[in-house]
Amino acid sequence: MSTGASYSVDEIFNLAVKRLAMEAPGYRVRNATSDDITRVIEINMVSLPEHYPRSFFEELYEEYGKAFYVAEAPNGEVVGYIMTRVEWKPGFFHRFIARSGHVVSIAVLREHRGRSLGYALMAYAMKSMYYDYKCNETYLEVRVSNNPAISLYEKLGYRKVKVEKNYYLDGEDAYVMARELP
C-alpha cells in the first residue's frame, strides 16, 4: 500500500489486524486501562524526548479513553501506546470548524518496533476517533527529521499540511500532518 489517502478507516483497520497477525503473532492491541498509565509513562520516558505530567496522561485517559490504546507483547507486557484527544478547531480540509482527532503521543519500545505495532495503534485510534468521537479529520505533529514516522503516517493517508517552526523544546520544527476521516 503506497498511500492510505484513498483507504477508509475500516479498510486501514482491517489491514492492521491482518498485518498484526502476520508480523506480530501473539501481540495484541487493546484499550488502555487506568492500571496501564504507569507503564505508558515509562514507555514515553524511554522512547520520546517529550514528557508530560502524570495528570496529563490521566486526563486524556479519562476524557478520551475509547481512543487510548496499548500494544501488548505475547507475555502480556505493555510495549506501546497511543493517546489522543478531540478538539473543535478550524479544519484542515474545510473552511468550517471541525471535530478533529489529535494524536497527542504514540510510542513503541525500540525492541518491539518493526512489527506493525505503530500502524496497528494508529489504525485502532483512527477508528475510535471516527466512530466513537465522530471526528471529521485527524492530525498530529511529527519531527521533520523523523522519516520512519512520516512514512508510517503517509501510509495511513496523512499528508503534510504545514510546518510548525521551533515546535519542540530542542528547537526542531514539526510537520503537522492530517487526513480526513473516514
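Mentor: What follows looks at one residue, then its strand, then a pocket.

Mentor: Before that, this is a predicted model, in which local features need pLDDT of at least 70 and side-chain atom pairs count only at pLDDT 80 or more, while totals for chains, interfaces and linings use all residues. Residues are numbered from 1 along each chain as its sequence is written, and side-chain values use heavy atoms, with hydrogens and water left out.

Trainee: OK, where is Gly101 placed?
Mentor: Gly101 belongs to strand 4, residues 97–108, where strands (E, at least two residues) and helices (H or I, at least four) are DSSP runs numbered from the N terminus.

Trainee: And is Gly101 buried or exposed?
Mentor: Gly101 counts as buried because its relative accessibility is 0%; buried means under 20% relative accessible area, exposed over 50%, and partly exposed in between, with a 1.4 Å probe and protein chains only.

Trainee: Which residues does Gly101 contact, neighbours within four places in sequence aside?
Mentor: Gly101 is in contact (heavy atoms within 4.5 Å) with Arg85, Met129, Cys135, Glu137, Thr138 and Tyr139, once those neighbours are set aside.

Trainee: How do strand 3 and strand 4 run?
Mentor: Strand 3 (residues 78–90) and strand 4 run antiparallel and are joined by 11 bridges, where pairing takes at least two DSSP bridges between two strands. A hairpin of six residues links strand 3 to strand 4, and Val86 stands opposite Gly101.

Trainee: And how do strand 4 and strand 5 run?
Mentor: Strand 4 runs parallel to strand 5 (residues 137–143), with four bridges between them, and Val103 stands opposite Leu140 in strand 5. From strand 4 the chain crosses through helix 4 (residues 117–131) to strand 5, in a β-α-β crossover that is right-handed, meaning that, with the strands pointing away from the viewer, the path from the first strand over the helix to the second runs clockwise.

Trainee: Switching topic, what gives the most to the lining of the largest pocket?
Mentor: Strand 4 does, with seven residues. Helix 2 (37–47), helix 4, strand 5 and helix 5 (147–155) are also among the elements that each supply at least two residues of that lining.
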